[in-house]
Amino acid sequence: MELRFQDIFTNILGFQSVAQFGAKQVHTQDDVHDINTDCSAFIEILPSELHGGSIAKVKNNLAVIPEDWTSGSVNSAYIACIAQLKQANFIAFHDDFLTWIGKDAKMEIVQTFEGVDADHVHEAPIFLPDTRLFVFADTAVVGWLWGLDVDNRKVRKIKTNPPLHNVNGGTLHQSRLYVTTNGGTAPAIFSCSLPQKSRSSESETIDCTPVVNNYRLAHLNSPNDLIFTSAGNILFTDPTYGWAQSWPGVGLPELPTALYHFNMKTKALIALDHDILQPNGLALSKDEKTLYVADSNSTSGKPIGVWEDSVRNVYAFDFDEGKMLLGNRRLVHVVERGWPDGLRVAYMKNDRELVLVASIGGVDVVDVSRGGTGTLLGKFNVGDDIIFNLEPVTGSAKEGANKSEAIYLLTGKKAVYQVTISS
């Protein structure tokens, strides 16, 4: 999702900055050991011999904050304890989170943004295993994408032909990049050629062609996120953020917000849902029987603002592509502040299903294996940054690398992070 944060960013964060963006590792064990003993009622800092990264375990789910505290940001005598909690790279609410991330879990910063770039949204993460290139977008720009080599961490810009406006979503399918555009006179989904395999290329151009840009002659609003089904068809969300952001060329919405199915063979575009207020990130379970969708209506309106009393939910639906049926909506997760953005599905070793939810402060890890409302197990924590989306680094193990590891790249406002956990 795309936002201009200069005016609203400081109003929605409940904690001061604790991230140290100059270091390769975001936090060290020493950062979180300097804690007043009174904080022991809230958190437990796991010893370094058990975990190499900085990991904090929340006690009793923070059910009670002692003493009076004001509305909004926590402002009690225990603010220092909560600020210390926010320093940890990983925050555990349940022991299963510690089992899942493993004893060697770590978080690193692989790219930082300076100047105006640090006030932009970074989205559309796509990992290309053949070239080990990580492609993502700055949603405020026209005509280019970022390209990050995950091995040597060199960065380059990749031009698009034609110049694509305000790219927000992206995925890899059958050796093509598929991206969504929020801006321009015809917001659309585009199919693009892959960047060159040569990592020495400082500048290159990829060719893009539109896949779908209207619903029966009405403009799409702002195609946001997209995924492919195993049948080769596209599911995508269409909120109104391009209009809300006043991106050049975007007119008044002509359609209700929607979740769509696009058949790549017949080119038929079908609306599956109009009830989600501002549909955002989406993800499918591996058996494709459950579809997860984020509703970010808590960030909406024109001018765009954050409405903490509106929904900031992740929903699950029963999904049957053969019948084109989406039903049995149930609430899975509510993020603590801001809005839910990009989603990914992951699994524990016992095949328990997890949903990873990008949001303010990091990525929530939610156990959805019971089939109902999820249980928050823990969080990849980035302090006062915002994570807009995340992408697994798959099918790309280097010679001699630990293949039991799982790696995620997180696109934030201030930086791109690499999280390494057990798989």
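1. Two strands are taken as paired if DSSP finds at least two bridges between them. In this predicted model, that rule gives an open sheet of eight strands, in the order β5-β6-β7-β8-β12-β11-β10-β9, and the pairing is mixed.

2. The edges of this sheet are β5 (122-128) and β9 (167-173); each has a single partner strand, so one side of each is left without a neighbour in the sheet. On average, neighbouring strands are turned by 30 degrees against each other, direction ignored.

3. Within the sheet, β11 (residues 189-192) runs antiparallel to β12 (residues 203-212), and four bridges join the two strands. Phe190 has Pro210 of β12 opposite.

4. Aromatic pairs number 13 in the model. One of them, Phe236 with Tyr260, is stacked, with 5.2 Å from centre to centre and 25 degrees between the planes. The planes count as stacked because their angle is under 30 degrees. This pair links distant parts of the chain: Phe236 belongs to strand β16 (residues 234-238) and Tyr260 to strand β17 (residues 258-262), 24 residues apart. Both Phe236 and Tyr260 are buried.

5. A cluster is also present, in which ring pairs link Phe90, Phe97, Trp100, Phe380 and Tyr408.

6. Two contacts between a charge and a ring deserve a look. Lys157 lies over the face of Trp144, 4.2 Å from the ring centre. Arg329 has its charged end over the ring of Tyr315, at 4.3 Å from the centre of that ring.

Notes: Residues numbered from 1 in each chain as written. Predicted model: local features only at pLDDT ≥ 70, side-chain atom pairs only at ≥ 80, totals over all residues. Heavy atoms only, no water. Axes fitted to C-alpha atoms, helices over the stretch in contact; angles between N-to-C directions. Phe/Tyr/Trp six-rings, centres within 6.5 Å; stacked < 30°, edge-to-face > 60°. Buried < 20%, exposed > 50% of the residue type's maximum accessible area, 1.4 Å probe, protein only. Lys NZ or Arg CZ within 6 Å of the ring centre and 35° of its normal.
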